[in-house]
Amino acid sequence: LPLENNLEKLFASLLAIVGLVFSAVFTSLVTATVFGLNDPGHAALQRTCRSYLNHHHVTDDFATRVKRHMAARGEFGTCGKAQRELKLLEELPEVLRVELHELVRAPILSALPFFSKLADASAVTLRQICHRGISSGFTLSGEVCFHVGSSCSAMRIIETGDLVYVYPGRSPSRTDDDWIESEQEETAFIPVGKGDALSEAVLWIPRWEHLGTLWAKTDSNTLEIHAHFFEEVVQNHSSAQPLAVQYAKFYVSYLNRLDRLTDVMVATDDCQSEFRDKDHYVFISHFKQESGTEATLLRSELTELIMKDTSHPAADLPQPVFVDTENLVSLGGLKRAVSKSDNLLVLLTPGLFRRPWCLVELVTACENDINMVPVLVQRVGMEDFRHPDDQFYKLLQSGAILAQPELEILEAEGISLCNVERAIRTACRQIALPFSPHRSANVRRAELEDIMKRCDTSLLL
């Protein structure tokens, strides 16, 4: 029937609104009932939660946050997918779970310096960390992942979501539209997102505490690498231990140079450039017949200097100084030893540039951007070393410097005479430092310190 007056129209509108509200409530109740039938345990937990909050007179604001979280933990809530994936993994055999965890998690970890090197040094260790040492974390938007001053037990890597790290701990209001700006100059807000890492220090420093507060702007998922599992796995794999010791030393050294510490690993690139995957700090290249004794003496005294300085980056290397006549079985091993060194110490003697193995060392260092330090051996009765001039390089290119067997060795290694010339020129570009084994201990010590200073510049390259 048509409505005859405004009062009837108003009454009809009110009835429509009431009907709509009733329909929405009814639909919500039916949906909740169906979900409760699917997961009666979660429904009972929600009822217990409501009763607990009412009994303890929890504020409405906090109660809403708790209920949001409980809803998210439900079978069809925000966390439901993660829970169902966890149940799926439980149905798989152990071998498949290990491989699946490695396939999913290793690429994420390998974006970080230590785990990138660990993948090469000890793949089995990385596999075990992916399987046993990592769990998934979830934080609802507007909630806190951790507070400043709280004890830290795991390193976090952000999988999804947008978060903000606040230090020294002031928390932004949940109603703020802009989470980045702050009225206090001494407080800094750092945006954190997918792929970012936090609290790596807990893996290397005992009893680490959070130095700031981490908030979630949106619902966020994280991978959490637990420190105690990480330590246990590394200790059980000897192939990973030297790398872990070396990286821990570099990482702590890096932290000590910072003006202000945070939980955010903002210096991944810096750590990567400083963390050198090297076996030796110094490789001594020499012609054994002319400077074998001096090379042995240099190895002994340089090793002593390094070991006395426990803060030196090379102090933890098993063999910080390598002489090319030690443990050498092939040119392939020689080239690898050079490429795994920070510095090539070139002992300049008259016959050095006529020895094919020494030339292989020079070319390998040049191709791998190894810092070359020329050292002029000064010994009574030794013929003076003459720096190569244009005439020398002409003779070299014509084949007059090296005999046919030496040329064949270079050719077998894929080294041309142009490569050799470039390497010799690079080695002789710097002013040679003296080494005089016959002089007093004080003079020799001063010479050694100068050599170490020149070698230490490789840490800044």
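Predicted model: local features only at pLDDT ≥ 70, side-chain atom pairs only at ≥ 80, totals over all residues.
One of the residue pairs between them is formed by Met155 and its bridge partner in β8, Ile225. Strands of a sheet pair through backbone hydrogen bonds, and the pairing may be either parallel or antiparallel.

Strand β3, which covers residues 154–160, also pairs with β6, again in the antiparallel sense, and here the pairing extends over 2 bridges. Two positions can be followed across this pairing: Arg156 stands opposite Leu198 in β6, and Ile157 stands opposite Ala197 in β6.

These strands belong to an open sheet of 4 strands, whose order is β1-β8-β3-β6 and whose pairing is antiparallel. The edge strands are β1, residues 134–139, and β6, residues 197–198, each of which pairs on one side only. Helix α8, made of residues 227–235, packs on the sheet and touches both β3 and β8 (220–226), and its direction makes about 45° with that of β8. How enclosed is β3 by the rest of the structure? Of the 7 residues of β3, 5 are buried, so this strand is largely enclosed by the rest of the structure.

Two packed helices are described by the angle between their axes and the distance between the axes. Helix α7 (residues 123–132) packs with α8 at an angle of about 150°, and their axes are 10 Å apart. Because angles over 145 degrees count as roughly antiparallel, α7 is described as roughly antiparallel to α8. Their crossing is right-handed. On the side of α7 the contact is made by Thr125, Gln128, Ile129 and Arg132, while α8 contributes Phe229, Phe230, Glu232, Val233 and Val234.

Another pair of helices consists of α6, residues 113–121, and α9, residues 241–257, which pack at an angle of about 160° with their axes 10 Å apart. That angle makes α6 roughly antiparallel to α9, and α6 passes α9 in a right-handed crossing. The contact involves Pro113, Phe114, Lys117, Leu118 and Ala121 of α6, together with Leu243, Ala244 and Tyr247 of α9. Here the residues of the contact of α6 with α9 divide into 7 nonpolar, no polar and 1 charged.

How values were computed: Residues numbered from 1 in each chain as written. Heavy atoms only, no water. Pairing = 2+ DSSP bridges. Contact = heavy atoms within 4.5 Å. Axes fitted to C-alpha atoms, helices over the stretch in contact; angles between N-to-C directions. Buried < 20%, exposed > 50% of the residue type's maximum accessible area, 1.4 Å probe, protein only. Parallel < 35°, antiparallel > 145°, perpendicular 65-115°, else oblique. Left-handed = near helix turned anticlockwise from the far one by under 90°. Nonpolar A, V, L, I, M, F, W, Y, C, P; charged D, E, K, R; others polar.
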